[in-house]
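This briefing concerns the structure shown below.

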Amino acid sequence: MGFLTLSTCLIANIQAGYLLLVLLFCNKADSTLRYSVREELAKGYVVSNIANDLGLEPKILTEGGAHIVSEGTKQYFQINKNTGMLLINERVDREQICGQTPNCTLYFQLITETPLQLFRTEVNILDVNDNPPLFSQNEIVITIPEQTPPGTKFSIEKAQDLDVSINSVQNYLISSNEHFRLDVHTLNDQSKHVELVLVKHLDYEKTRKMSLQLTAVDGGEPQRTGTAVVQIIVLDTNDNAPIFNQSVYKVKLFEQNGKNYVALKVTATDLDDGPNGDITYALSHISDSFGRIFKLNNKTGEITVAEALDFEDANVYQMEVQARDGGGLTSFCKVVIEIIDVNDNPPEIALSSVKTSVPENTLPQTVVALLNVKDRDGGGNGDIRCSIKGHQPFKLTSSFKNFYRLVTDGQLDREKKSVYNITIIAIDDGSPPLSSTAVISLEISDINDHLPIFTKPSYAMYITENNNPGALIGSVVATDRDTSENAQVLYLVIEEMIDGFPLSHFITINSRSGNIFAVRPFDYEQFKEFAFVVQARDSGTPTLSSNATIKLYITDQNDNTPTLLHPSPNDSSFSAELVPRNAEAGYVVSKVIAVDADSGQNAWLSFHLLKTSDPSLFSVGVHTGEITTVRGITEKDNNRHTLIVIVKDNGQPSLSATATVKVVIAENLSGNHLEIVEEEKADEYDSYLTLYLIISLAVVTVLFLVSVIILLMFKACRIKKSSHPNVLDQNLRSSNIVSFRTSYMDSLARGNIHQGYLQEVHSQDPAKTNCCTQKEQVGPHSLLIDLNNKNEVGKT
């Protein structure tokens, strides 16, 4: 598949003095952007408009959370989300990143979260001439015997330049002299080999030492140089230089070879005898890092491993070994050490972008995370296979090599499982295989897909009447399997009419707790029960709800006193029950009738005789209220009696009412005459006097002056009253006696005397009839006399 060149730009940075060459390529197969940029550019320098290069809308960068994820430890590039420009984020030093490697490339991914996309980008770092050539020693000493013939060559340690390609060392120069010239040779690896060539015989007696300046020149712009002083020491003898048995030594080492392992041994021979034939070895043209890894025995020529080898740091080490004899002659050989990789690095999993939560209604194939894997090992040891541990509704799909998407592979249900811990396993193809894992914790967010459910579909609640407003009636509870606001249940009462009033007139509900309260006191006598509907509604979108029926029962409270029906407490007229003097024990005098508006035991009534003028004569039925004689009536008994009957209910506390019954004993109820024995005026007078005295004494204790005035008024009234005889009694005696029918006793037994009986009189005077017909109907054995008509009765 070919590449399509999208744009090629040459940008000149006048202030920095650098030229930026940006090349953009888009591979249609893997969508990889490729740029080229020079090193050492300032932070903030514009590389390119990556948004335009990718054809992305600006709002995708600003609103989609675009960011750059580098594969290295440092973030060398950044993106301006507003403009889409790719900028330098940190100074790029090609030598620090790639060393002497000719091709130096940085990799990063541009990721947008919404929509979730990944764009792989490669940036080729172009070298600039920012490092001068450097010699390992400022002074190079060469000893040359004087008999050395012209044309003899002396190898010189070459200068080291951290730059590469044209910016590395391209030439060497030697200061002007008559004895030496400089030969520079280009090797296969494009490096330069320097030899000092003798062009004229040396004369020890004329010249024993000379100094030459050696200059290394690179090919960069601007050009940089490095210098060293070559000290030539002329010797009198030693005409044979050491010779290595190999010009190039090659060896392969496994990276697990430990310290002090002998990698190889170099050997050089010298035909000279004595001190001139003694050879010493030294490493030449080697970096400090290489010098720490390998050590050379300067006597034996053995090269041993000083530090642990790591194929991932460097897979080839090249160095030069110098052999020097006692006379100062030297020769060089090249040593190449190749490191063989072993599977000692597990795969590395890098999560480029991870979602922490997804809704439970997420569709299959939704991207959850982007990740890439890498292995520092090479060859088959670096081939990686990725998988998901266990059976989960997720799978891995590969966009291109070593880059994966974690996507959903089934329906999610938060109520079944709310959190997934997804374990990604990466295994390489080494022997034995190594693996690593990464765990992605994914929370399933809730959607409102469950109704609130009441603990039961209907509730029965009770409240006692006369409750206080705001009293708690009961509580309802509904639960929702959803979570968060979707599970926040609010309660409300469905409004309806109860007894002509809206339901809110009687009850209210706490929307949060579900507690139901009474708005006003209930009255059992008004209504005993009613039903209403409570709705539980969640706070999700859309809102879901369910209903429960509440049956409220009002329980009775003893809040009504017994109500007297007979004798009526509101009757202001004089009423008396007539009892014949010859009545026997058990004679029914009257009956107290009462009712109670309460119910149950609160309405159970009992009757008791609270007060009577003669306790031995009358009794009252506890459950019937009937007043009967305990014994027969004698001549000694008073003709008038006042009975106070108390009516109690069975509530807690008990409520009561009292009824006053007046009883008049008739002397003779047989024949056609009714005779009423006049009560002794003395007794009546004494009775009234006792009452007045009690009232007077009570008033005197409060206010003496008022008591005196009341006493005087009382005496005045009493004198006035005593001057008039009992008109009622006199009129009754002087008038024709009312005659009752023979069926009177039957009427007494039935407890009711009808008006017809009282109208039958022998007198022809209509006034006599009016005396006894002031009421349409009387109670049992009652004689009704209108006190307001006393004068008319007296006249008759």
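The protein chain has 11 helices and 57 strands, where helices (H or I, at least four residues) and strands (E, at least two) are DSSP runs numbered from the N terminus. The model is predicted, so local features need pLDDT of at least 70 and side-chain atom pairs count only at pLDDT 80 or more, while totals for chains, interfaces and linings use all residues. Residues are numbered from 1 along each chain as its sequence is written, and side-chain values use heavy atoms, with hydrogens and water left out.

**Overall make-up**

- Of the 796 residues in the protein chain, 43% are buried; buried means under 20% relative accessible area, exposed over 50%, and partly exposed in between (1.4 Å probe, protein chains only).
- Contact means heavy atoms within 4.5 Å. Among contacts in the protein chain between residues at least 6 apart in sequence, 65% join residues at least 24 apart.

**Model confidence**

- The mean pLDDT of the protein chain is 79, and 83% of its residues reach 70 or more; pLDDT is the predictor's confidence in each residue, from 0 to 100.
- Where pLDDT is low, the predicted coordinates should not be read in detail.

**Cysteines**

- A disulfide is a covalent bond between the sulfur atoms of two cysteines. Here it is assigned to a pair of cysteine sulfur atoms within 2.5 Å, and by this rule the count comes to one.
- The disulfide joins Cys98 and Cys104, with their sulfur atoms 1.9 Å apart.
- The link of Cys98 and Cys104 is right-handed, with 65° about the S-S bond, and both residues are buried.
- Cys333 is classed as buried because its relative accessible area is 2%, whereas Cys717 is classed as exposed because its relative accessible area is 51%.

**Backbone geometry**

- The peptide bond from Thr114 to Pro115 is cis, with omega near -5°. Pro115 is placed in the loop between β8 (105-112) and β9 (117-126).
- The peptide bond from Ser431 to Pro432 is likewise cis, with omega near -5°, and Pro432 is in the loop between β32 (419-428) and β33 (435-445).
- Asn260, a residue other than glycine, has a positive phi near 70°. This residue is in the loop between β18 (248-254) and β19 (262-265), and Asn260 counts as exposed because its relative accessibility is 63%.
- Asp499, also a residue other than glycine, has a positive phi near 55°; its place is in the loop between β39 (497-498) and β40 (501-502).

**Second largest cavity**

- Rolling a probe the size of a water molecule over the atoms shows where empty space is left.
- On a 1 Å grid over the protein atoms alone, a cavity is a set of points where a 1.4 Å probe fits but cannot get out, and lining residues have an atom within 4 Å of a point.
- The lining of the second largest cavity is made up of Ser155, Ile156, Glu157, Lys158, His193, Val194, Glu320 and Phe332.
- At least two residues of this lining come from each of β11 (153-156) and β14 (192-198).
- By class, the lining divides into three nonpolar, two polar and three charged residues. Ala, Val, Leu, Ile, Met, Phe, Trp, Tyr, Cys and Pro count as nonpolar, Asp, Glu, Lys and Arg as charged, and the others, Gly among them, as polar.

**Selected strand residues**

- Leu396 is in strand β30 (residues 394-400). Leaving aside neighbours within four places in sequence, Leu396 is in contact with Leu371, Cys386, Ser387, Ile388, Tyr404, Arg405, Leu406 and Ile424.
- Leu396 and Ile424 are 28 residues apart along the chain, and their C-alpha atoms are separated by 9.0 Å.
- Lys662 lies in strand β53 (residues 656-668) and counts as partly exposed because its relative accessibility is 34%.
- Lys662 and Thr642 are 20 residues apart in sequence and 4.6 Å apart in space, C-alpha to C-alpha.

Terms used:
1 Å grid on protein atoms, 1.4 Å probe; cavity = no way out; pocket = protein on both sides within 12 Å on 5 of 7 lines; lining within 4 Å.
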